[in-house]
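Hi,

Here is the model I said I would pass on.

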Amino acid sequence: MLVFTIRRLIQAIPILFGASLLTFWLMSIPADPVTVEFAGRNPRPPQGTIDAEMHRFRLDESFWAQYWDWIKGIFHGNWGPALDKNANIFHDMMRHFGVTTRLIVLALIVAIVLAVLTGVMSAIKQYSVRDYTFTFLGFVFLSMPTFWIAQLLKTIAVNFNTSTGTHFFGTLGAYSIPQPDGFWNRIVDYAGHLVLPTISLALITYAGLSRFQRASMLEVMNSDYVRLARAKGISQRRVLTRHMLRTALIPMTTATALTIAVFFGGTIITETVFNWNGMGVYTIDAISSHDKYIVLATLMLTGFIVIIGNLVADILYAVLDPRIRYA
Amino acid sequence: MRSGSKRLAGLVAITAATLLVAGACGTSSSSGPGQSSQGWSTCDKDPNNCNSGPTKPGGTMLVTDEKKITSFFTADAASNTYDQAQIMSGLIPSPFILNPDLSVTLNKDLVTSAELTSSSPETVVYKINPNAVWMDGTPITADDFIFNWKFQDGKDCSATDCPVAGTTGYDAIDTVTGSDNGKTVTVVFKTPFPDWQALFALFPANVAKTYAGGDIYAPGGLKKAYAGFLSEGGAVPFPKWSGGPYQISDYQKDVSVTLTPNPKWYGATKPSLDKIIYKIILDPAQETEALKNGEVNVSVAQPDGDLIAAVQQMQNVNYNLSKGPVWEHIDLNNKNKFLADKNLRQAIFLAINRQEIIDKTVKPFFPSAAPLNNHNYMPGTAGYKDVITPTGQGVGDDAAIAKAKQLLESNGYTGAEPGGTLKNKNGEAVTLGFSYTQSNKLRETTAELVQADLAKIGVKVTLVPKPDLSFLGSGDFDMVVFAWVGSPFVAGSKDLWITGGGSNFNKYSNPQGDTLLTKAAQDLDPTQEAADFNAADEIMAADANVLPLYQKPVFIAVSSQFVNIRNNATSAGPAYNMQDWGLKADAQ
């Protein structure tokens, strides 16, 4: 297993280099940040200022020189210039990464619990009203656009606040500004801001995972060893928890590992609607202002997480399924 | 499980009921599709004084900010944005104020007088208020004027060391000298600069000295001072100085900026609010819900029909839409092989129906929108003169189409009819691209209407959506719609129209116009300046280079518990009188 892990990590290095070159090339195609920033300004900044900014973004260098400077800089902790002259891209990115992590951990827990419960309950009563209900709900949430769920939740919450005269649901950011006084008031405030994005993210995630869980459970239910366990007179509860669920959770575990990887690059809409300063908002703001080196950094981090997510999924497979052994 | 289902059903029912009740309870505080809500009904006629009233001490005002802070040094090109300037208005003193009615008045808190004492050479004398001090108690003196001149003149500090947003005006100064212990400042210009009132938004020289490590004017001193100011928001968490009514007391990167009163503020009106907090909300679409939920009290957003409708439904929120100096226009690239012909340009502008564009874009939520007829001056200001109507451009009715057709045919064009294909005298079919920013629905509609208008004279127009305006500088467009941010200070607009001007993206050129523009930009007499600018504008209008469409509406919505905050459509924004903002005296 250790050899396998090391080998996969070594394989990741050329993949990351390839991804870095591809993304750097792609990011050199649209207009540069200096041209975008100063376009249409009246009065136009002096040409000397524009030239200085071009130089700061290394736009007076060849493509390969820019790429080399960027790669070299990363190894020295410098991820490149940004429109924000005070920016330390890596430091800023990690701060946003932390915010996204806070958001997705709770959403994932809620989604997994819901998915396992509904998936198992659907499978053990296949084609029952309950199964059809969960299937229907799953597809409803799966087919709803994220922005629509988020906006709907937000509207309901704001109407709840205004009609009850309370301020429990926060719709802007991870906490109120100014923050309330007192420890418990702050805890309530954090919770009030966490509820809506968590539900929004959890609903769409649960929907997909529950289908996984249901299919996996159905497959296990029809396997020989489960029939044998039942024939031996083991109780239904014990068969379910000890024999079926344990095996049926394997695909779920790997799916979750991959979902986490996707989440770090894919919570843009939820973060935007609820004004959370996570990776999604950081990335989309950089894209809209053509802040090239920030976009590159976020893409590289997302790529790294996807590689690690895949590796973790593969390792978990081997850990959970005794039939799988990596040479 | 069943009880769970019941609970779910109950929750849905409660939610639905809540929505219905909330909808039923909402009473409009607005006066319909007008310019202002009922509470602000005087804003249309008295923009400088509406929403005035006595304040009571205390309170926190939460204001939206739609851009991240790149640094607090707004003189720097990368940080010279509207949102950052709004925040810094509370700290940076300027000798003049841009008022909501586009007038310019003396900031008597900072200077007791500022007068043009000679026109040859142009000399301006500022008398600084004896009580004016920076937050550390250092008097505001001529040293501050000299420092601000030196780092922005493009000569004493190179563009590499000091990449400022602009050198205009500062590069025209010959000397700045102080007298009366620095409380009198005499500025002598080497070339006339009519917009002298736009100069000297002051950054403190005493702080610059600290950053420079002593003498600002020693070699490298200005560079170090500049770098020091730039580091505010980074290595230095936020500016620790202020010469205005407020100081910055907290900055959470990408989240918020908190202002609290400057204890050394010397102005006549002391701030009454405890705090003003600017909340960074990058997606303007989220501001409406935030306003409704009380998470912000002031929203300054790009208006559209949905926004206005939503705000009209809110209780205890006032709003105003004002016309400002930001104006939408259609540009023709004079270097395009077809558009190089003035006759075609004139025919195109004759065929475009501006009123229809206005009716189908801004008018539904901004009823007073009207065609703009000058390229430099806004209606209601002293220099405004209609230079478009006499040309017949922008009408697009049957008579105008017939005139356009006749103009084209008399110049060798064929096919100038609805459904036809316009061909020039070389037999080439006239096809043009119309560029617009794709995220802007109003511009998309404008492009579609222009496409339909020009089809009436046989011009084939292809719509070219663009992600941003970065293509302007390279001239990679045939026709384009975008906006210029105007100003009561018009001399700078010379660069938009003069041959070789940095912002003359259409590459328009007319030697007679150039002469008039050059003279206008140096006229110290405002009447003469307007006469020369308008003479140049008449020439340009006849040349059909840029067709002004309308003044864009500027929107503000404010919780009704606050007074003395109002719309200001100029670049100064609502923050022009930040010291006056406060909680209404009878607010709960």
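Let me start with chain A, which splits into domain 1 (2-75) and domain 2 (98-320); the bounds come from an automatic or database domain assignment. Before going further: this is a predicted model, so I kept local features only at pLDDT of at least 70 and side-chain atom pairs only at pLDDT 80 or more, while totals for chains, interfaces and linings use all residues. Residues are numbered from 1 along each chain as its sequence is written, and chains are lettered from A and ligands numbered from 1 in the order in which they are written.

Taken over C-alpha atoms, the centres of domain 1 and domain 2 of chain A are 33 Å apart. Their contact involves 15 residues of domain 1 of chain A and 13 residues of domain 2 of chain A, where contact means C-beta atoms, placed from the backbone, within 7 Å. On the domain 1 side, helix 1 (2-27) and helix 2 (33-38) of chain A each give at least two residues.

Most peptide bonds are trans, and most residues other than glycine have a negative phi. The bond from A:I177 to A:P178 is cis, with omega near 0°, and A:P178 sits in the loop between helix 7 (146-164) and helix 8 (183-221) of chain A. In chain B, B:S120 and B:P121 are also joined by a cis bond, with omega about -5°. B:P121 falls in the loop between strand 5 (111-119) and strand 6 (122-128) of chain B. Those two strands form a hairpin with two residues between them and pair antiparallel over seven bridges (pairing takes at least two DSSP bridges). Across the pair, B:A114 faces B:Y126.

As for phi, A:Y127 is positive at about 65° without being a glycine, and so is B:F200 at about 70°. Which of them is buried, which exposed? A:Y127 is exposed, with 9 other C-beta atoms within 10 Å, whereas B:F200 is buried, with 27. The cut-offs are 20 or more for buried, 12 or fewer for exposed, and partly exposed in between, with C-beta atoms placed from the backbone.

Cheers

Note on methods:
Helix = DSSP H or I, 4+ residues; strand = E, 2+ residues; numbered from the N terminus. Contact = placed C-beta atoms within 7 Å.
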